[in-house]
Amino acid sequence: LPAKAGAWYVASSAVIKLCGMSATPYFTRVMSPEEYGRYSLYMSWAAMLSVLTTLGLGGSAIYRGMQKLDSRGNKILSSAIGLALGSLTLFSTAGLIFPNGVSRLLGLPRGLVYTLILQIALDSVITLYLSRSRYVYGYRLVIGVNLGSALLSLGLSMLLSRLTEPTAEVRVSALLIATAIFALPLFITAIFREKQIFSRDIWSFLLRFNLPLLPHLLAGTLMMNMDKVLIGRIVGEAAVAGFSVAYSLGAGMNFITAGLISALSPWIMRKIAQNKQDRVAEITLKLSALVAVGSLGILTLAPELLAFLAPSGYSAALPSVYPITITAAVSFISSVTATALIRAERTGLLSLCSIVGAAVNIGANLLLLPISFNGAALAHFAAAAASLTAGIVLTGRLPGGSVVKAMSSAALIAASALLSFILYAIRDDLVSRLIILALLGLIAIMCLFSLKDDVIEKKTVKA
């Protein structure tokens, strides 16, 4: 396990999350719920459309390309950037030719549609460049760019909102400026290092590898973001704001798991190549238990944390925090099964898992949202659980066996769900919740001690 890189990824993700959460009370109080909801809707569309318009090119394509074609990754990187930006240019013509229609479809003003195109272009450069850095354990660059752009975006957002009107457009502009400051130097470095953005062999490989993966990526991002779009359509932008704040709190552990997966994915691929799936399953269970304990720790203080993040008008979103929070462990295990399927180049099976999750998410949202916008949180958990179930079943059929301990993982998720329900039921009893928090802290320490003797792999390739 690349412990050094993993520790730094997790630490930087935690800092970014804490900075974001510390800024949330400011924005929820200076922005109207409608403006805050519009910004959240913009970010959801950015996540979904970036996958579609750039063909979902990212870490998996870079990792596999470096394994098969270019161990240093420079040629793969420059060609992948060229392919992603070329695809985005083709898709963007619709927004430029039919701006009003696209604006109505997305529920965003025309100005935000144009900004969205630029944001996706800059994000794709950063994503691809840092994917190469992650593979060679160049964690300093990854952390510097992620942490620097996040902090700069927050700082600019707060400054501009004080100098002008605190609107969604102001926050979007700050995000675009901060992203450009980091993306443009990376773009220049990548292109001038190889001086090519087109390679027939590399483009052919990337398309063959990633196009079958695209349904999985699209379904996955729909599962994570479509709830806000549906809330906006069915309930309204103010409800999107409430759900977004709850999601920001509930998904707090996702930033930690993202750091773990960033470090873990290359390691998983190497272990599978060595036929050590049992080792992957062992580490996955230990880390998912740690994620579950951390998630439940957040829930012990959920009422107080939500009151800190937003004014009392957002309190109706508290029930959403609980299902969203315990989804972190489910998503973490799913990421491990996804990595195994990618390593086996069984992208069709991976797409099936994500499509199952997306279908459950959309169906449950359509059923529950007319009752309450908090139904989106239940739909979110149900979709993740359905996708994970499919992933465990399908990876179990791969040569070498599953990379997940199915029964132990199911027991862990069931226990987390039960304890989250108990924590919601005693939400008015602070003393009992603090006692549970102390017990969870002891369990977390035990989990960390169980990991301390695990094998550490040193980085073998310099960034």
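Colleague: In which helix is Leu 285 found?

Modeller: Start with the term. Helices (H or I, at least four residues) are DSSP runs, numbered from the N terminus. Leu 285 is found in helix H13, which covers residues 277-300. This is a predicted model, where local features need pLDDT of at least 70 and side-chain atom pairs count only at pLDDT 80 or more, while totals for chains, interfaces and linings use all residues. Residues are numbered from 1 along each chain as its sequence is written, and side-chain values use heavy atoms, with hydrogens and water left out.

Colleague: Is Leu 285 buried, exposed or partly exposed?

Modeller: Learn the cut-offs. Buried means under 20% relative accessible area, exposed means over 50%, and partly exposed lies in between (1.4 Å probe, protein chains only). Leu 285 has a relative accessible area of 22%, so Leu 285 is partly exposed.

Colleague: Which residues does Leu 285 touch, leaving out those up to four places away in sequence?

Modeller: Contact means heavy atoms within 4.5 Å. With residues up to four places away in sequence not counted, Leu 285 touches Lys 405, Ser 408 and Ser 409. From C-alpha to C-alpha, Leu 285 and Ala 329 are 9.8 Å apart in space, and 44 residues apart in sequence.

Colleague: Now Thr 179. Is Thr 179 buried or exposed?

Modeller: Thr 179 is buried, because its relative accessible area is 4%. Thr 179 lies in helix H8 (residues 168-194). What does Thr 179 touch, with residues up to four places away not counted? The answer is Gln 119, Leu 122, Asp 123 and Ile 126.

Colleague: Next, charges. How many salt bridges does the count come to?

Modeller: A salt bridge is a side-chain nitrogen of Lys or Arg within 4 Å of a carboxyl oxygen of Asp or Glu. By this rule the count comes to 5. One of them joins Glu 282 to Arg 279, with the closest N and O atoms 3.3 Å apart. These two residues are 3 residues apart in helix H13, so about one helical turn separates them. Glu 282 is partly exposed, with 28% relative accessible area.

Colleague: Which residues are linked in a network of salt bridges?

Modeller: Glu 35, Arg 38 and Glu 237 are linked in such a network. Take it pair by pair. Glu 35 bridges to Arg 38, where the closest N and O atoms are 3.7 Å apart. Both sit in helix H2 (residues 33-53), 3 residues apart, so about one helical turn lies between them. Arg 38 also bridges to Glu 237, with the closest N and O atoms 3.6 Å apart. Arg 38 lies in helix H2 and Glu 237 in helix H11 (residues 237-250), so this pair ties together parts that are 199 residues apart in sequence.

Colleague: Last one. Which residues form a nonpolar patch on the surface?

Modeller: Patch members have over 30% relative accessible area and no salt bridge; nonpolar side chains (Val, Leu, Ile, Met, Phe, Trp, Tyr) are joined within 5 Å, and like charges within 9 Å. Accessible areas come from the Shrake-Rupley method with a 1.4 Å probe; for residues, only the protein chains shown count as cover. The nonpolar patch consists of Val 431, Ile 435, Leu 439, Leu 442, Ile 445 and Phe 449. Together they have about 620 Å² of accessible area. Look at Ile 435, which lies in helix H19 (residues 430-451). Ile 435 counts as exposed because its relative accessibility is 52%.
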